[in-house]
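Trainee: Please show me the structure. I want to learn how its contacts get their names.

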Amino acid sequence: MRPPGVPVTVLCLLLCATGCAAGPSLEDRDTVTAPPGDSRRLTVGSAGFTESDLLAQMYALLLQEAGFRTKVLSVSNRELYEPALERGQIDVVAEYAATFADWLNAKANGADAPTVGSPDPARTMTALRALAGPRGLTVLDAGRAVDQNAFAVTAAFAAEHRLKTLSDLGATGLPIRLAAGDECVSRPYCAPGLKKVYGIDVTAVDPKGVGTTPAKQAVQNGQDQLVLTTTTDATLDDFGLVLLADDKHLQNADHIVPVVNRARAGSERVTRALDRLNTVLTTADLAHLNEQVDSWRRLPEDVARNYLVDKGLVRG
């Protein structure tokens, strides 16, 4: 059953025509000097995939526990929800630090602008906050959970070659076919990075997508040896796969961070409510929560509530 006060609404494409409370776009402002807002009714955005739904439900429940009235608004992509966040049609959203920093940087400085996200969490957060502030957005502290690119092999392959890290794989000198997206051929975090940073002999990229079922099956059946997925992939066990640690930090710091509209949700009360999740939620926790929704077919709102109750963050 859906918890009271946390309904899920589907955002229509004509977002600017909705009756949500809205302010002027902040895209062209260099500074924001208005005091932080403290609206009693807050809209939490979700990007419409399992992990985003779970995080949105947890944020909404934590805010309810702090005395706010909340609703969850499901939006299909960042191109829609980020402008809505600036306008105050959405007040809070869970984001990924390095990815969001690079997205805002491209929006401000063009698609060809040098990336600002990096494997260094502190540097990434500094860049992200500098880009978010002029848009009227406040980036709260990052938590322990990280959802970033990761690489997996079969458990049998790992055991045979005594692999725990990507460095271990590079040291074997084995020829490796990699199941990933088309862009992996040129992206520095993917095939070029595996070769340069880890010395892995990537002989071919099999274009089956990032963490897709066909990509995992290709590794499972031995057609490929390595698959590009994410650190919170909930289905690796189903395919007999295990992650290899990114021990030289090739991947960017995609820690999960709450981003809020400063004019509506920039108060210390909101910050305190959401910060409670930071010391509790881990990457492994998030992967398990994803699994409960994707594999066990449980509702995101039920999984979110059970987790927060178990952790003592909300009342049962």
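Mentor: We will go through a ring pair and some salt bridges.
This is a predicted model, where local features need pLDDT of at least 70, side-chain atom pairs count only at pLDDT 80 or more, and totals for chains, interfaces and linings use all residues. Residues are numbered from 1 along each chain as its sequence is written, and side-chain values use heavy atoms, with hydrogens and water left out.

Trainee: Why is the pair of Phe 100 and Trp 103 called stacked?

Mentor: Rings of Phe, Tyr and Trp (its six-membered ring) pair if their centres lie within 6.5 Å; planes under 30 degrees apart count as stacked, over 60 as edge-to-face and the rest as tilted. The count by this rule is one aromatic pair. The centres of Phe 100 and Trp 103 are 6.5 Å apart and the planes stand at 15 degrees, so the pair is stacked.

Trainee: What makes Glu 95 and Arg 78 a salt bridge?

Mentor: The rule asks for a side-chain nitrogen of Lys or Arg within 4 Å of a carboxyl oxygen of Asp or Glu. For Glu 95 and Arg 78, N to O is 2.8 Å. That makes a salt bridge.

Trainee: How do you know whether Glu 95 is buried or exposed?

Mentor: Buried means under 20% relative accessible area, exposed over 50%, partly exposed in between (1.4 Å probe, protein chains only). Glu 95 has 1% relative accessibility, so Glu 95 counts as buried. Arg 78, at 17%, is buried.

Trainee: Why does Lys 107 count as partly exposed?

Mentor: Because the relative accessibility of Lys 107 is 29%. Its salt-bridge partner Glu 82, 2.4 Å away from N to O, is buried at 0%.
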